[in-house]
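Keep the chain in view as you read. We will go through it step by step, from charged pairs to sheets to the core.

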Amino acid sequence: MGLLGKIGGPAIWAPDAKELAGFYAAALGGEVGEEYADESGKVRAVFLPVGETTCFFHTAETFRRPDWPREELPFHLDLVFDDIPATVERLLALGATKPDFQPGGDGWTVLLDPSGQPFCVTRSH
């Protein structure tokens, strides 16, 4: 039996959906998509189309930065680029930070996005 569906993309909670969607749009070379506001007009959800995938960012009032690596993560993003060192420098300039703990050796580099959530920069396998 073949696949019956596909995953549209991850939903990521953050203190500011619009800000985090903007970071990932700049990181990936895309543009932020539709924004959805609540009844008071505050942007609560933002879509970021990335090829055939759509990432969904949601403003969460009770968001807490993960305490990684002390806490396990329910998930993280792997971003794929050809030139890892140049990409890491560009992402740092966009607002990412690089934690001291780097468990990937030469396989990947861990960065923290502006909301403090870890993601990996890696090459295509």
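Glutamate 35 has a relative accessibility of 37%, so it counts as partly exposed. Buried would need a value under 20%, and exposed a value over 50%. Keep in mind that this is a predicted model. Which partner does glutamate 35 have in a salt bridge? The partner is lysine 18, and the closest N and O atoms of the pair are 3.6 Å apart. Lysine 18 belongs to helix H1, while glutamate 35 belongs to strand S2 (residues 35-37).

How many salt bridges does the count come to? The count is six. Another one joins arginine 44 to aspartate 38, with the closest N and O atoms 3.8 Å apart. Aspartate 38 has a relative accessible area of 22%, which means it is partly exposed. The value for aspartate 38 is 22%, and the buried class takes only values under 20%. Aspartate 38 and arginine 44 also belong to a network of salt bridges, together with Lys42 and Glu61. Now look at aspartate 67 and arginine 70. Their side chains meet in a salt bridge at 2.7 Å, N to O. Aspartate 67 is partly exposed, at 30% relative accessible area. Arginine 70 is exposed, at 69%.

Next come the sheets. Start with the one that holds S2. Four strands make up this open sheet, in the order S1-S4-S3-S2, and their pairing is mixed. Which strands lie at the edges? They are S1 and S2, and each of them pairs on one side only. From one strand to the next, the twist averages 20°. Helix H1 packs on this sheet and touches S1, S2, S3 and S4. The direction of H1 makes about 15° with that of S3.

Look at the pairings inside this sheet. S1 and S4 run parallel and share four bridges. Here alanine 11 stands opposite phenylalanine 56 in S4. S3 and S4 are antiparallel and share six bridges. In this pair, valine 46 faces phenylalanine 57 in S4. S3 and S4 also form a hairpin, with two residues between the strands. Glycine 51 in this hairpin takes a positive phi near 65°.

Now move to the other strands. Three of them form an open sheet in the order S5-S7-S6, again with mixed pairing. Its edge strands are S5 and S6 (108-112), each pairing on one side only. Neighbouring strands here are turned by 30° against each other on average, direction ignored. S5 and S7 run parallel, and four bridges join them. Find valine 80: it stands opposite threonine 122 in S7. Which helix lies across S6 and S7? That helix is H2, running at about 145° to S7.

Finally, turn to the nonpolar side chains. The largest nonpolar core has 23 residues. Leu20, Tyr24, Phe57, Leu91, Leu111, Phe119 and Val121 touch the most other members. Two or more core residues come from each of these elements: strands S1 (11-14), S3 (43-50), S4 (53-59), S5 (77-80) and S7 (118-122), and helices H1 (17-28) and H2 (84-94). Which element gives the largest share? H1 does, with seven residues.

End with one member of the core, valine 121. What does valine 121 touch, leaving out residues up to four places away in sequence? Its contacts are Leu79, Phe81, Ile84, Thr87, Val88, Leu91, Trp108, Thr109 and Leu111. Leu91 and Leu111 are also among the core residues that touch the most other members.

How values were computed: Residues are numbered from 1 along each chain as its sequence is written. This is a predicted model: local features need pLDDT of at least 70, side-chain atom pairs count only at pLDDT 80 or more; totals for chains, interfaces and linings use all residues. Side-chain values use heavy atoms; hydrogens and water are left out. A nonpolar core is a set of buried Ala, Val, Leu, Ile, Met, Phe, Trp, Tyr and Cys residues joined through side-chain atoms within 4.5 Å. Buried means under 20% relative accessible area, exposed over 50%, partly exposed in between (1.4 Å probe, protein chains only). Contact means heavy atoms within 4.5 Å. Two strands pair if DSSP finds at least two bridges between them. Axes are lines fitted to C-alpha atoms, for helices over the stretch in contact, and angles run from 0 to 180 degrees between N-to-C directions. A salt bridge is a side-chain nitrogen of Lys or Arg within 4 Å of a carboxyl oxygen of Asp or Glu.
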